[in-house]
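I opened this notebook to keep track of what I looked up, term by term. The entries follow the order in which I went through the side chains.

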Amino acid sequence: MTMRINYLAVFLCAVLYFLLGWLWFGVLFGQRWMALEGIAMTQEAPKAMAEQFITSFLLGLLMAFVLANLCAWRNANTAARGAAIGVLLWIGFIGPVTFTTNMYEGRPTLLFAINNFYPLVGLWLMGVVLGLWKKKPA
């Protein structure tokens, strides 16, 4: 049996994850995040910002592709199953690793929450999309 990946759904997930990042770090938690990180409001060079945005998008695309493969492998063909895989990945890997790093660096727990609940919500959202949007049989 061949795993069927819906590449259009993967691309949409990357776009949604990128937009979630803008909402998360720009609108919802931007000011607090910058204060906790000690980032001053400066004008970033347009070239550097473009490179950061492109890299962020491509890494989101990679995350969506890997999640799509896991969803296909585990037959996650509903929103709940896709979301569960995304959340389990965060609980099992991202959360523990980043919390440990945050703890040893002596960084505020609120900073951990802002930085790392973004991928939690993002993986949940991508899992929902991948679980719902089935590839039509050839």
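Entry 1, terms and source. I call a residue buried under 20% relative accessible area, exposed over 50%, and partly exposed in between (1.4 Å probe, protein chains only). This is a predicted model, in which local features need pLDDT of at least 70 and side-chain atom pairs count only at pLDDT 80 or more, while totals for chains, interfaces and linings use all residues. Residues are numbered from 1 along each chain as its sequence is written, and side-chain values use heavy atoms, with hydrogens and water left out.

I took a salt bridge to be a side-chain nitrogen of Lys or Arg within 4 Å of a carboxyl oxygen of Asp or Glu, and searching the whole structure gave me 3 of them. I noted that Arg107 forms one with Glu37, where the closest N and O atoms are 2.7 Å apart. This pair links distant parts of the chain, since Glu37 is in helix α2 (residues 30-37) and Arg107 is in the loop between α4 (79-104) and α5 (109-132), 70 residues apart. For helices I used DSSP runs (H or I, at least four residues), numbered from the N terminus. Glu37 has 28% relative accessibility and therefore counts as partly exposed; Arg107, at 30%, counts as partly exposed.

I then found that the side chain of Arg107 also meets that of Glu105 in a salt bridge, at 3.7 Å from N to O. Glu105 is partly exposed because its relative accessibility is 49%.

The salt bridge between Glu51 and Lys47 has its closest N and O atoms 3.1 Å apart. Both residues lie in helix α3, 4 residues apart, which is about one turn of the helix. I recorded Lys47 as exposed, at 62% relative accessibility, and Glu51 as partly exposed, at 42%.

A pair of aromatic rings is described by the distance of the centres and the angle of the planes. I paired rings of Phe, Tyr and Trp (its six-membered ring) if their centres lie within 6.5 Å, calling planes under 30 degrees apart stacked, over 60 edge-to-face and the rest tilted. The count by this rule comes to 13 aromatic pairs. One of them is the edge-to-face pair of Phe11 and Phe57, with 5.7 Å from centre to centre and 70 degrees between the planes. Phe11 is in helix α1 (residues 7-28) and Phe57 in helix α3, so this pair ties together parts that are 46 residues apart in sequence.

I next looked at Phe25 and Tyr118, whose ring centres are 5.3 Å apart with planes at 80 degrees, so this pair is edge-to-face. Phe25 in helix α1 and Tyr118 in helix α5 are 93 residues apart, and their pair links distant parts of the chain. Tyr118 counts as buried, at 12% relative accessibility, whereas Phe25 counts as partly exposed, at 21%. I also noted a cluster in which ring pairs link Tyr17, Trp24, Phe25, Phe29, Trp33 and Tyr118.

How values were computed: Helices (H or I, at least four residues) and strands (E, at least two) are DSSP runs, numbered from the N terminus.
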